[in-house]
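Dear colleague,

Please find the structure below, handed over for your files. My notes on what was found in it follow.

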Amino acid sequence: MPPTPTPPPPAGNFQSGRQVFVTVGCSTCHRADGTGLVGPRIANTNLSFAEVLGQLRSPREGMPPFGPETVSDQQVRDIYAFLKSLP
Ligand code: HEC
């Protein structure tokens, strides 16, 4: 079996995650490959899903908030799976 990313259950879909990441503009600050630009590198992040969700819903300074009307919890799961799929 090839190695696969291990997102938390229920699993996120990293392909839709990649799409959402670009569509809602994460890639503007974090680059499409998550290596960072204005924002830090988040490719293959060590943060937990809950921490990433928390950062979107009430971010620290420098990052705009992304509420559930913009990115649903499921879409954040997809983004998380995408980030974990990156080198
Ligand atoms: C306007 C630029 C900008 C956009 C857009 C943006 N971010 Fe950020 N992001 C930042 C900055 C700046 C930080 C660092 C905040 C700090 O530590 O003070 C950050 C931090 C983070 C962190 C925490 C990283 C760590 O190691 O602590 C995560 C996760 C993250 N962003 C994910 C996302 C996701 C997912 C999106 C899209 C939904 C997004 N960001 C959109 C600028 C941005």
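The protein has four helices and zero strands, where helices (H or I, at least four residues) and strands (E, at least two) are DSSP runs, numbered from the N terminus. Along the sequence this reads as α-α-α-α.

This is a predicted model, in which local features need pLDDT of at least 70, side-chain atom pairs count only at pLDDT 80 or more, and totals for chains, interfaces and linings use all residues. Residues are numbered from 1 along each chain as its sequence is written. The mean pLDDT (the predictor's confidence in each residue, from 0 to 100) is 93, and 94% of the residues reach 70 or more.

On overall dimensions, the C-alpha trace spans about 40 × 25 × 20 Å along its principal axes. The radius of gyration is 12 Å, which agrees with the value near 12 Å for a compact globule of 87 residues; it is taken over C-alpha atoms, and the globule rule is 2.2 Å times the number of residues to the power 0.38.

Of the 87 residues, 29% are buried. A residue is buried if 20 or more other C-beta atoms lie within 10 Å of its own, exposed if 12 or fewer, and partly exposed in between, with C-beta atoms placed from the backbone.

Helix α1 covers residues 14–23, and its buried residues are F14, G17, R18, V20 and F21. Seen down the axis of α1, these fall within an arc of 165 degrees, so they line one face of the helix; the arc is that of the directions from the helix axis to the C-beta atoms. Their cover includes α2 and α4 (73–85). After α1 comes G25, with a positive phi near 100 degrees.

Among contacts (C-beta atoms, placed from the backbone, within 7 Å) between residues at least 6 apart in sequence, 65% join residues at least 24 apart.

Last, the ligand. It is surrounded by 23 residues, the closest being C26, C29, G39, G62 and M63; a residue counts as near if its C-beta atom, placed from the backbone, lies within 6 Å. The elements giving two or more residues to this shell are α2 (26–30) and α3 (49–57). The largest share, four residues, comes from α2. By class, the shell has 14 nonpolar, seven polar and two charged residues. Here Ala, Val, Leu, Ile, Met, Phe, Trp, Tyr, Cys and Pro count as nonpolar, Asp, Glu, Lys and Arg as charged, and the others, Gly among them, as polar.

Regards

Conventions
Two residues are in contact if their C-beta atoms, placed from the backbone, lie within 7 Å.
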